[in-house]
Amino acid sequence: MKMKKMVLIFLCTALLVGVLAGCGNANEAKEKQTVNILTSVTGGKDEEGMKAFAKELGQLTGYKINMIKPADDYNTVLMQKLKAGGENLDLIYFDQSQLPDLVKQGALQDLTGKVKDSKILSNNSIIPEKEWNNIKIDGKIYASFNKKEIERVVNVNEGMIKKYNIDFSQEDTLDDYYHLFQQLKEKNKTQGFYPFNVSLSLLFDLQPWFASEGLKGGIVVDQDGKKTVPWSTDEAAPVWSWLRKLYKEGLMDPDALTDTTKELRNKFQSSQTAVVTDWAAWTGLYNVNAGTSYPNAFKAVAHGGTKNKEGAYMLTRGAASLWGIPATSKNVDGAMKVLETFATQKGGDLLSIGAKGYDYTDKDGKVELTEKGEAAGKDHGAPFPISEQYKSPLPYNPGVDEALGFLKYASTESYLPETTDYTTIVSKEAIKMVKGEVSVDQGLKEMRESLKAKQVVD
């Protein structure tokens, strides 16, 4: 009797263990079938659009997609979740400036081997090797791409130039642009109009002009690891003097000392200024936003700024927007599948024009945006998908194709721990020089001293 009881207890225990093990396996399988993605700009424009985006991404990858888009400051939420152990995240979005710190913290998985083994990601005709080299940390790959980064070009309102019958056939030197600004100021008597505007406090807009002296922005690291700031050298003096002259003669908007990118865009769009630096995509957005004023009264056209002594433009390319797999991810295979999908034609369609049936319709190969798709502006995280083989099913906005022609002249700036100090110091001295509070020579001297004191340069 005791033996039968013991056998019964043993069987029950075994059954219970089997059930619990089964539940554990089921939960583990479920976790492996879901890809949890913490996103910022990528996805739908609202909750309904995000559901449509996630559904199609799930169909393309074969995994259930859970998109998490914080309502609060994204970078703060990202760091909180990583400090909390990743919270079952499989993919996280960030930009290139954040990559070194995330790697240093051990927050990301090394993807070098997985990228090499991927037939899609390792294909040089899809993602060129130079793109990977641009984001490597100590020779290793810790992230993949959200989109193809484009360049900042000089946007000129040629509608205004034609209105005043101004000859603008030659535009490769600082003097060429100075004479253009003079003519615009002389002929456009509108109160509050200034031919030229930049954001001196952000430094984003200055690279096309420093090309005239062959000087690259940011902190430049040579082959020996030595750090320099070309814009602080004596060779940079002619450009700072040119900017000072524009400000003094009323050719530059005095608000350039404080204006943000948003304010510059508003002024350019409303013809309060005629020349600004902005991303190539904005060439098209300006033209679309102009409505019936395009192309006669308003027409944004991309230019390269000034040329260096070798006859080439020098433009700034955007920092890479990236996806990384947290060290704590429970679904690495699913995350890699998403990264591969983003580099395909259908993945590029999703990232640009959106989800089929929601953002656009496709009838016999004819693609048309819905009202929701029109509102999204053909941008669901990647207006320009990363794949070199990608073909957009819809034409770009007017002027964008021409603007992208300048991409070959663009390169990214270095993103180093000292970059914040660089921006603070250079912009501070830039404003003083342009306002005339100090001479250009004195301003550059003070700039170099401050950069060295903060160990920004060697």
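**Figure 1. The residue that follows helix α18.** Helix α18 is followed by Q455, whose phi is positive, near 60°. Helices (H or I, at least four residues) and strands (E, at least two) are DSSP runs, numbered from the N terminus. The model is predicted: local features need pLDDT of at least 70, side-chain atom pairs count only at pLDDT 80 or more, and totals for chains, interfaces and linings use all residues. Residues are numbered from 1 along each chain as its sequence is written, and side-chain values use heavy atoms, with hydrogens and water left out.

Figure 2. V440, G443, L444, M447 and L451 are the buried residues of α18. They lie on the same side of α18, because they cover an arc of only 95° around the axis; the arc is that of the directions from the helix axis to the C-beta atoms. The face turned away from the buried side carries the exposed residues D441, K452 and A453. Buried means under 20% relative accessible area, exposed over 50%, and partly exposed in between (1.4 Å probe, protein chains only).

**Figure 3. The cover over the buried residues of α18.** Helices α10 (237-248) and α17 (419-435) are among what covers these buried residues. Contact means heavy atoms within 4.5 Å.

**Figure 4. The largest cavity.** A cavity is a set of points, on a 1 Å grid over the protein atoms alone, where a 1.4 Å probe fits but cannot get out; lining residues have an atom within 4 Å of a point. The largest cavity has a volume of about 60 Å³, a volume being the space filled by probe spheres set on the points, which are joined across faces, edges and corners. Its lining includes E131, F145, R317 and T412. The lining residues divide into three nonpolar, three polar and five charged. Ala, Val, Leu, Ile, Met, Phe, Trp, Tyr, Cys and Pro count as nonpolar, Asp, Glu, Lys and Arg as charged, and the others, Gly among them, as polar.

**Figure 5. The second largest cavity.** About 30 Å³ of space lies in this cavity. R152, D205, T261, L264, R265, T277, D278 and Y286 line the second largest cavity. Helix α11 (261-269) and strand β8 (275-279) each supply at least two residues of this lining, and α11 gives the most, with three residues.

Technical notes
1 Å grid on protein atoms, 1.4 Å probe; cavity = no way out; pocket = protein on both sides within 12 Å on 5 of 7 lines; lining within 4 Å.
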